[in-house]
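Visitor: Hey, can you walk me through this one? I'm new to reading structures.
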Amino acid sequence: MMSNHISHTRTSRAIDDFKQALSDSLYYAQGSATASASLYDAYMALAYTVRDFLIENWHRTTEAHYAANPKFVYYLSAEYLLGQQLTQNLLYTDTLDLAREAFAEFDVKLDDLIALDKEPGLGNGGLGRLAACFLDSLATLDIPAVGYGIRYEYGIFNQSFRDGWQIESPDDWLFLGNPWEFSKPDDMVAVHFGGRTEQYLDDNGQYRIRWIPGDTILGEPYHMLSPGYGTRHVNLIRLWRARATKEFDFQLFDFGDYTRAVEQKVDSETITKVLYPNDNAPQGRELRLKQQYFFVACSLRDIIRRFHIRNHDWEQFPNKVAIQLNDTHPVVGIPELMRLLLDEYKLDWDRAWDITRRTFAYTCHTLMPEALERWPVSLFENLLPRHLEIIYEINHRFLQLVRERYPGDEERVIRMSIIEEGGERMVRMAHLAAIGSFSINGVAALQSRLLAERTLADFADLWPEKFNNKTNGVTPRRFVRLANPRLSELITETIGDGWLRDLERLRELEPYAGDPHFRQRWRAIKQANKADLAAIIRERTGVDVDLNSQFDVMVKRLHEYKRQLLKALHIITLYNRIKADPTRQIAPRTFIFGAKAAPGYYMAKLIIKLINSIAEVVNHDPDVRERLKVVFLPNFNVSLAEQIYPAADLSEQISMAGKEASGTGNMKFALNGAITLGTLDGANIEIRDLVGAENFFLFGLTADEVFAAKQAGYAPRRYVEENAELAAAIDRIASGFFSHGDTEIFLPIVDSLLNHDEFMLLADYAAYVETAEHAAAAYEDSEAWTHMSILNCARCGHFSSDRTMRQYCTEIWGVRPVAVE
């Protein structure tokens, strides 16, 4: 019988064995000889060699899981922003030094190989990166888990700028192959769409419904391995690719109809072609719902298959399976599980519903009503007719409960219904999630409170026990150890390396904040990181920046509520002050932006254009005399973020209070020693509570003050009339000063600010400018600033995704670790 394990020499940490493994991978896996190998061949050989270490541990993990038959966590997410895999896997397999030594013999720099590692851009922003952090922590904590998602052929677009405008180009991340994945075509799953339903009596005379679909496609799974740090535990990420049931119609081809001969293949595989199609058009909405159902249907089939490996009693399903819905995208999984239990496994309604409600848990990542997905009933009728019937029945039974609990309150019934009436009838996915899940959690204390008090208030009133908070966290392995090796070495030298698995140990750094020598070393590391980022800025934008200036950084997805435009108004104000008096003392600053705007989000793209136009003027005006620089780094992604966080002095977290669910960039900045300038929004509140008010630059209205101002009738023009500097900043935009005299181009921004200002930039402007200037002045005292920087890092150990996952495991899922020997 063949051994389950690889030859030990393939995974030996002896340098000669590692070199031999590299040579074997180059020759047998990559098909290249040493003499003729390219740099890319060397990268692939290294990736395959490191992957062998992961495979060995994965097989051991699989054996341990089979023996223990534990409860699994199944994490359903439409997004994963995993970052580069090579650096992480070198660290987690403890082969980093081996690889460096092995390639030094051939005069190959490991960093050159790492640069070839493609980042899978399978997400849009924080949601996808959070999912990746969670999977990292689950493996590190030895929790049996599988992450399910979509293997988008083209991930989030590559961003460049042309004349200041965002230009999108395809992210062809699979063009040269992906050494970190395994195709599993033998686990293919059939997924159906359209068609009709019909009633029938089964063999026992029971009334049943069957779905007769109109279309069928196949879901092909691809595995990626998700290792833990400091453990042999390796979990799976299973990503689904759409395949046609009929790749090629030979008869049509034979008749010369070449296009129609491959039509089904093209149509089917479009489902996983691109991340988040623009849903401004009906075709885009249909494709997006197809994507969501496709990956959920594939995943549930796979979950049930895995359950049946060791279990057969459906009553045990919720005791062996916890399915976490990462926002509303996978919520269609609730009616899909019901369909499977009712129609395919022939359970009765009450039993199926009991199992379903004890299986799903729902994380809500937003407070914005427009971000809580709603689908037209007509779209469901066309694509998922059986699921709509099930949703109607869930809703009917639920509204009976509401009427019993709140007799005579038909307004509440209308508000809580899954189906939104009036105008186009819509399916409210957040309502379906709230009804079909046993747990509903927010992702920061404020957001969780507002979720229960406002966004889903009726459901919290009905089921208060379902609602809970699980403040987000980030993995310190990627965002400190890998992103900031200099700082990591200093921390480990000072307190040992246990902090990488117990981030609260960073508290042990606190006494060193008072040590002048330690502060000097901390400062030197920050300066070296700033020099690295300055080189990237010069290479990608052509702008030279002053390393002694304050690096004032705002990198995140471009959305109006995040208020990059408020930062732009501040920069214009500083510029106006210099133009009014060129001799005025202005603290030197480098303003660094990074953000992608959704391709269909015109206002966000216009804000990018404005910031780039401001940069063009400010960076070339001799009156500024290098005191201010504005930089917009293109194509912000995980890899670039890892270069930016360690170099930041000031972290801009300035969303309107009550809009940001949590934020995780704020945590990454703080753990790398940046000081936060922010509002009382999302996790900013918890960061400020932990680091101390004196180590945080606070400004702006609170969430309650925002709600009160809106109810009282917010009038943005009043703030312009009362503040000359604000009026002057807006006039600069309106006059065409930043657009070569074109007064039309930025008119939508000016109109939005003066007549709407939905996110209350003008109300917070004066406080923001004052606080930002206070932060700039504080930076001039390098000793005091470094003291604050150290304390920000030392007191933010709470924001480890390990802590977050422990809370999910004990308070929501009820899962236990499984040790891998």
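This is a predicted model: local features need pLDDT of at least 70, side-chain atom pairs count only at pLDDT 80 or more; totals for chains, interfaces and linings use all residues.

Visitor: Which side chain does Gln324 have a polar contact with?
Guide: That's Trp813, with a polar contact of 2.7 Å between the two side chains. Gln324 also touches other residues, including Tyr74, Ala361 and Asn441.

Visitor: Switching topic: how far apart are the end C-alpha atoms of helix α2?
Guide: They're 43 Å apart. With 30 residues at 1.5 Å a residue, α2 should span 44 Å, so the two values agree.

Visitor: How many of the residues in α2 are buried?
Guide: 22 of its 30, so α2 counts as mostly covered. Just after α2 comes Asn69, with a positive phi of about 45°.

Visitor: OK, salt bridges. How many does the structure hold?
Guide: It holds 59 salt bridges. One of them pairs the side chains of Arg577 and Glu725 at 2.8 Å, N to O. That pair links distant parts of the chain, with Arg577 in helix α23 and Glu725 in helix α30, 148 residues apart.

Visitor: Are those two buried or exposed?
Guide: Arg577 counts as buried at 14% relative accessibility, while Glu725 is partly exposed at 30%.

Visitor: Which residues are joined into one network by shared partners?
Guide: Asp409, Arg412, Arg415, Asp458 and Asp461 are, through salt bridges that share partners.

Conventions
Residues are numbered from 1 along each chain as its sequence is written. Side-chain values use heavy atoms; hydrogens and water are left out. A polar contact is a pair of N or O atoms within 3.5 Å; within protein, one must be able to donate a hydrogen and the other to accept it, and residues adjacent in sequence count only if both atoms are side-chain atoms. Contact means heavy atoms within 4.5 Å. Helices (H or I, at least four residues) and strands (E, at least two) are DSSP runs, numbered from the N terminus. The expected span of a helix is 1.5 Å times one less than its number of residues. Buried means under 20% relative accessible area, exposed over 50%, partly exposed in between (1.4 Å probe, protein chains only). A salt bridge is a side-chain nitrogen of Lys or Arg within 4 Å of a carboxyl oxygen of Asp or Glu. Lists of a residue's contacts leave out its neighbours within four places in sequence.
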